[in-house]
Amino acid sequence: MTPSNSRTPLGSTLGVFVVAFLILCSFDPFNRIVGLDPATWDYMSISLLDGRLPYRDIFLHKTPLAAFLGGAGAACAELLGFTRLDGAHFVFVSLGAVAPTLLFALIARRAPWQAAAAAAMWMLAVDHWLIASIEGVRPKVATTAFGLAALLAADRRRPLVAGVFGGLATLTWQPGLAFLVGAQWSILRNDDTRRTSATVRLAIGAAIPTIVLLAFLASVDALGEFFAQAVGFNVHYIKLHSRDPIATVVHLYELLVEWNATELLMLPACVAALSTRRDLLPSSLTAASATYLAFMFVNFQAWPDMILLAPMFGAVLGVGLFALLACSGAREWVAALAIFAGLIAALVPASGRAYPPITYEEQAAFIATFAERLEPNDKVLAVSYPELLIHTGRHSVWPWPYMWFGVDRFAAQSTTGEFDGILDALDRDRPRLMVVARRWSGPRRRAFERWASQYYARREVRQYPHTVRPIVVYQLRD
């Protein structure tokens with residue numbers, strides 16, 4: 001196999017992006033329902049246009065860049081005559097295609113273009129990546145895209161640029177720090193005497209986005225809340241939900257089997273094929289992935305936490321399969337079948353989440369069954385159900401979009417009078433409609449139920465994706 005040139009032709013890179021974008025668009029991402037975690041970020045993104053900011057107006061325990069990216073897309077879409085939601089989603093579908101393109105460019109610097117293209121297609125074939133890219137505003141998609149840009153810049157010996165992109169990755173989701181580790185590893189691997197100055201420039205670049213963000217938050221009186229929510233809250237959150245190493249390994253394996261069983265079966269053969277050609281994989285990507293995997297042993301919750309591993313899975317599967325075919329003595333065009341295999345795998349995901357059983361319009365009609373009598377000035381409360389706010393164009397009277405995983409405890413500790421103070425304020429607001437969905441339980445939920453029973457008619461309803469845990473609707477009695 002003959003390595004490619006260190007400069008990847010622009011046409012090839014653009015071609016990979018177009019193919020990746022078309023694959024994602026084949027799942028009709030702009031007509032999907034909104035729901036679960038992406039819907040919370042959708043709501044925060046479009047709420048920026050109404051002057052509502054993370055931390056100051058809406059509780060957020062992650063770094064905020066994803067909301068600002070979605071908000072920028074929403075603003076542009078509104079100017080062009082499209083909906084805010086379409087604009088926010090367009091940004092993240094685009095990032096879902098940008099990341100495999102960056103992986104292609106990174107690998108093509110040391111491997112044949114067929115191997116790099118195969119890696120890009122197999123990254124899309126990782127269901128965690130594909131689903132995350134089409135469901136809406138997901139911070140981990142943007143984190144990965146910025147992180148890969150950081151690795152590519154470091155590989156091209158542009159440490160300041162790498163630092164900026166690594167800083168952006170971290171400001172989109174805190175574990176994006178792993179990509180800065182990968183960029184630093186690339187600097188240390190460079191065969192020159194400028195490692196110290198390059199490391200300094202990497203650090204300066206990483207500091208630039210952080211300084212800009214902190215200055216902005218200070219200017220809008222949200223700096224204190226940023227540290228309380230995105231830093232302080234997470235200390236308790238990690239302690240509360242940490243797993244022992246064996247449980248983490250088991251959970252990781254279970255999710256791989258559930259989402260990507262075929263790819264998991266391919267993995268050993270691909271790893272074996274790469275064992276003799278380690279030069280084909282960027283060591284910076286390996287270092288970043290290993291660092292993030294170590295982070296997962298500190299706190300690993302659910303399938304979205306695996307999104308940042310998609311580039312490494314794609315690289316191992318794509319380049320490994322290419323190496324297997326090439327080592328068989330086949331011509332390069334036969335080895336290029338690795339690209340076609342990845343393309344087919346991306347188009348037929350195993351996860352049912354790729355094909356929601358209801359449409360956006362059906363979801364809107366369902367919500368209208370309990371929201372249609374709302375007057376323009378009526379107040380609403382939505383807990384873990386941002387779908388109500390998105391479809392009705394309203395804002396919740398609570399700044400906390402969800403109350404599980406210790407958020408209700410944080411909210412109580414941050415309020416005068418603790419949870420009784422929250423209920424007193426709710427008693428004064430008395431929303432016309434309240435909707436509470438998944439996962440909130442415990443003594444504060446029971447206190448909320450006791451208060452609500454005095455004034456509201458309560459009923460439970462179900463609609464995808466809220467089928468296991470029902471949606472509880474509270475209508476204010478006349």
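Student: Which residue of strand 2 does L381 stand opposite?

Tutor: Happy to start there: L381 faces M434 in strand 2. Keep in mind that this is a predicted model.

Student: What makes strand 1 and strand 2 a pair?

Tutor: A pair needs at least two bridges. Strand 1 (residues 380-383) and strand 2 share four bridges, in the parallel sense, so they count as paired.

Student: How do you know that strand 2 and strand 4 pair as well?

Tutor: Try the cut-off of at least two bridges again. Strand 4 (residues 466-476) joins strand 2 over four bridges, this time in the antiparallel sense, so that pairing also holds. In strand 4, Y474 is the bridge partner of M434.

Student: Why are both faces of strand 2 called covered?

Tutor: In a regular strand, side chains alternate between the two faces of the sheet. In strand 2 (residues 433-436), L433 and V435 lie on one side, with M434 and V436 on the other. Buried means under 20% relative accessible area, and all of these residues are buried, so both faces are covered.

Student: Now the second largest pocket: what is its volume, and which residues are closest to its centre?

Tutor: The volume is about 420 Å³. Of the 17 lining residues, V271, L281, T286, M312 and V316 are the closest to the centre.

Student: Which elements give two or more residues to that lining?

Tutor: They are helix 12 (245-274), helix 13 (283-296) and helix 14 (310-327). Helix 13 gives the most, with five residues.

Student: How many residues of this lining are nonpolar, polar and charged?

Tutor: The lining of the second largest pocket has 11 nonpolar, four polar and two charged residues.

Terms used. Residues are numbered from 1 along each chain as its sequence is written. This is a predicted model: local features need pLDDT of at least 70, side-chain atom pairs count only at pLDDT 80 or more; totals for chains, interfaces and linings use all residues. Side-chain values use heavy atoms; hydrogens and water are left out. Buried means under 20% relative accessible area, exposed over 50%, partly exposed in between (1.4 Å probe, protein chains only). On a 1 Å grid over the protein atoms alone, a cavity is a set of points where a 1.4 Å probe fits but cannot get out, and a pocket is an open set with protein on both sides within 12 Å along at least five of seven lines; lining residues have an atom within 4 Å of a point. Grid points are joined across faces, edges and corners, and a volume is the space filled by probe spheres set on the points. Ala, Val, Leu, Ile, Met, Phe, Trp, Tyr, Cys and Pro count as nonpolar, Asp, Glu, Lys and Arg as charged, and the others, Gly among them, as polar.
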